[in-house]
There are 2 protein chains.
Amino acid sequence: MAELSTTSDVPVATIKYYLREKLLPAGESETANQARYGSPHLDRLRLIRALIDVGGLSIASARSVLEVIDSDASLPETFAVAQHSVSVAIEPSDLDPADLDRIDELLVGWHVSPNNPGRLASARVLSAFRGVGQTDDRGWFARYAEAALLIATADLDEIESRPDRAAKVETVVVGTVLGDALISGLRRAAQEHVTSERFS
Amino acid sequence: MAELSTTSDVPVATIKYYLREKLLPAGESETANQARYGSPHLDRLRLIRALIDVGGLSIASARSVLEVIDSDASLPETFAVAQHSVSVAIEPSDLDPADLDRIDELLVGWHVSPNNPGRLASARVLSAFRGVGQTDDRGWFARYAEAALLIATADLDEIESRPDRAAKVETVVVGTVLGDALISGLRRAAQEHVTSERFS
DNA sequence: CGCATACGGATAGTATAGCTATCCGATAGT
DNA sequence: ACTATCGGATAGCTATACTATCCGTATGCG
């Protein structure tokens, strides 16, 4: 365990914590006070840190996506779990139906289930926009939807390019969780670029 | 204050907390135990809740963006504060320069300063991707960058359409903070759409 | 006038999350 | 034989975002 700690740069106490929380499977006990941790454990630990540190997942969310990776769930099932894990739960009841309608207008022609977490989250954002007195510019949001479609298409192309089911499932999870961080980051870089272009 | 609480649906104790934390300016005291809160206070309170609940900002981050809204900062300065507030601080020193190079390759032709929080965050995501054994597919990330540019252009168009500096500054902040939530939400909807298109 | 009620402000307490430090008995190396 | 280290269990810590209680003042109502 000490070796796992030094190679992964994660404190021993934290590794023990992840074991307790069932994020990391126990190493195989060799004697009563010695366990063996191999490269699968190291890989898993790196995945955990990526999900938590970079993706911002909670311990509980990380556990549920790791469980789905270990299971034999289908790709759509995996997507559902991954999406749920990165979204804050929203009660459809405390959402203005008008906001949902507006989102559905943006998504015409899209095949999206009514309780898709993204649909609900988008409606909540729209509601917040209106609440702070922003005019809700259809054109603005429509361009976001266009960009979202580009990204999702790129995601699915990438997933399909993976050789087997296990690799596909891991890409679904990693892509969903880290993709959010990536698009946010690139968006900030692009904002600075476009700003400097227009205010120079 | 009780009235402000009922119309905004924020508990009185929480309003007092925001006053203490200097997120909300005090109402003007009418007598020793009575203060007056008007619609500017209600607007501000709604903005605070949007930033915290929907945008996921911490109290400290919310305070710094509210301060910049109240100040007479320029648009680029406002952008910098808003971007900083939604990003986790990253030490450039614990980043692999190779990852930064790869990000810069994606951003050729863009005018982005070396310590743009988005640039650093993107490099960290790239590092995490490699760490979990994903092949870093240039095409995938390039399509993200393209989408990011679309979004940033839409953001700047929207900001320019605002009538005066105060409105522009508020749109910078609200757009930066809530825009992240919006693109994430729409991306999930788009993922379900594209998935169902391909697996039906 | 009297007094229960409500007010705003100050202070202390609470719940949760994510670690982190200490203790413990067993065992491995010298 | 003995000291250091191991893994496991348990308790403690820190930060964040509230939440509840207390308190002196003042207002409305009879």
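This is a predicted model: local features need pLDDT of at least 70, side-chain atom pairs count only at pLDDT 80 or more; totals for chains, interfaces and linings use all residues.
Modeller: Residues are numbered from 1 along each chain as its sequence is written, chains are lettered from A, and side-chain values use heavy atoms.

Colleague: Why is the pair A:Asp155 and B:Arg187 called a salt bridge?

Modeller: A salt bridge is a side-chain nitrogen of Lys or Arg within 4 Å of a carboxyl oxygen of Asp or Glu. The closest N and O atoms of A:Asp155 and B:Arg187 are 3.1 Å apart, so the pair meets that rule. Across the interface of chain B and chain A, the rule finds 12 salt bridges.

Colleague: How many residues does each chain bring to the contact?

Modeller: Contact means heavy atoms within 4.5 Å, and on that basis 76 residues come from chain B and 76 residues from chain A. The area buried between them, which is the accessible area (1.4 Å probe) that two parts lose on being put together, summed over both, is about 7,600 Å², with 63% given by carbon and sulfur atoms.

Colleague: Which residues that line the largest pocket are the closest to its centre?

Modeller: The largest pocket has a volume of about 1,200 Å³, and of the 46 residues that line this pocket, the closest to its centre are A:Gly55, A:Asp180, B:Gly55, B:Asp180 and B:Ser184. A pocket is an open set of points on a 1 Å grid over the protein atoms alone, where a 1.4 Å probe fits, with protein on both sides within 12 Å along at least five of seven lines, and lining residues have an atom within 4 Å of a point.

Conventions. Grid points are joined across faces, edges and corners, and a volume is the space filled by probe spheres set on the points.
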